[in-house]
Amino acid sequence: MSVSSIIYTLVLHHSFSRFVLHLLWVMILDYVIMAFVIATFFWFIVNRFMRKPEFPDVQVEWQYSFDVHLNAFLPFLVILHIVQVLFMSSYVESYLVVRVLSNALWLVAIGYYFWITFLGYFSLPFTHRTVVLLYPIAVFAIVFVLSLIFSWHFSEALRVFVTYRVS
């Protein structure tokens with residue numbers, strides 16, 4: 001996370017104080033708080049709706065859900081916080097090719113997240129219907145197509161958001 005914050009600082013020409021603020025935002029909010037919220041959400045959903053009836057006493061531990069989230073978050077982090085940022089200076093132009101590639105990175109990152117999350121819960125012998133965890137990929141694929149139709153540029157929106165958040 002510190003590497004991605006350094007890259008953001010260099011690409012967006014932020015000062016050292018903005019780097020520190022960005023790093024704190026990413027570490028505390030994006031990583032720690034969101035990890036607890038998302039892990040808790042999946043822990044609840046899997047225990048409530050995806051346990052096989054023949055295993056009434058077995059539950060997914062919260063720590064396992066937290067671990068699944070962290071494993072799924074790593075490719076997401078690398079794709080959106082490192083790979084994408086390295087190309088952010090070319091996002092200034094609003095060309096269709098740039099927008100397609102940029103938004104495709106978002107789709108790939110989100111797809112990886114849900115795929116790895118699915119694998120984490122699918123591997124448990126007492127869960128079923130975990131394929132439901134892959135459904136958001138279809139929703140984001142539709143959002144991707146809509147983003148091209150309506151000229152939404154997710155990476156540009158992220159750049160504006162990061163700049164606003166540290167100012």
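Start by selecting Tyr 121: apart from residues up to four places away in sequence, Tyr 121 touches Phe 42, Trp 43, Val 46, Val 60, Tyr 64, Ser 65, Val 68, Thr 127, Thr 130 and Leu 133. Here a contact means heavy atoms within 4.5 Å. A note before you click on: this is a predicted model, where local features need pLDDT of at least 70 and side-chain atom pairs count only at pLDDT 80 or more, while totals for chains, interfaces and linings use all residues. Residues are numbered from 1 along each chain as its sequence is written, and side-chain values use heavy atoms, with hydrogens and water left out.

Buried means under 20% relative accessible area, exposed means over 50%, and partly exposed is in between (1.4 Å probe, protein chains only).

**Zoom out**

Now show the whole cartoon. Helices (H or I, at least four residues) and strands (E, at least two) are DSSP runs, numbered from the N terminus. The C-alpha atoms fill a box of roughly 55 × 35 × 20 Å along the principal axes. Of the 167 residues, 37% are buried. Among contacts with a separation of 6 or more, 74% join residues 24 or more positions apart.

**Helix 2 against helix 4**

Select helix 2 (residues 16-49) and helix 4 (96-122). Their axes come within 12 Å and cross at roughly 45°, so the two helices are oblique to each other. Axes are lines fitted to C-alpha atoms, for helices over the stretch in contact, and angles run from 0 to 180 degrees between N-to-C directions. Angles under 35 degrees count as roughly parallel, over 145 as roughly antiparallel, 65 to 115 as roughly perpendicular and the rest as oblique.

Show side chains for Ile 38, Phe 42, Trp 43 and Val 46 on helix 2, then Tyr 113, Phe 114, Thr 117 and Tyr 121 on helix 4; these make the contact. By class they come to 7 nonpolar, 1 polar and no charged. In this count, Ala, Val, Leu, Ile, Met, Phe, Trp, Tyr, Cys and Pro are nonpolar, Asp, Glu, Lys and Arg are charged, and the others, Gly among them, are polar.

**Helix 4 against helix 5**

The axes of helix 4 and helix 5 come within 10 Å and cross at roughly 175°, which makes the pair roughly antiparallel. On the helix 4 side, pick Arg 99, Val 100, Asn 103, Ala 104, Leu 107, Ile 110, Gly 111, Phe 114 and Trp 115; they meet Pro 136, Ile 137, Phe 140, Ala 141, Phe 144, Ser 147 and Leu 148 of helix 5. This contact has 12 nonpolar, 3 polar and 1 charged residues.

Move to helix 1 (residues 2-12), whose axis comes within 9 Å of that of helix 2, crossing at roughly 140°. That makes helix 1 oblique to helix 2. Ser 2, Ser 5, Ile 6, Tyr 8 and Thr 9 of helix 1 contact Phe 19, His 22, Leu 23 and Val 26 of helix 2, giving 5 nonpolar, 4 polar and no charged residues. Buried residues in helix 1 are Ser 4, Ser 5, Ile 7, Tyr 8, Thr 9 and Leu 12.

**Positive phi stops**

Most residues other than glycine have a negative phi. Just after helix 1, His 13 has a positive phi of about 55°. Is Arg 129 buried or partly exposed? Arg 129 is partly exposed, at 49% relative accessible area. Finish at Ser 151, in the loop between helix 5 and helix 6 (154-165): its phi is also near 60°, and Ser 151 is partly exposed at 44%.
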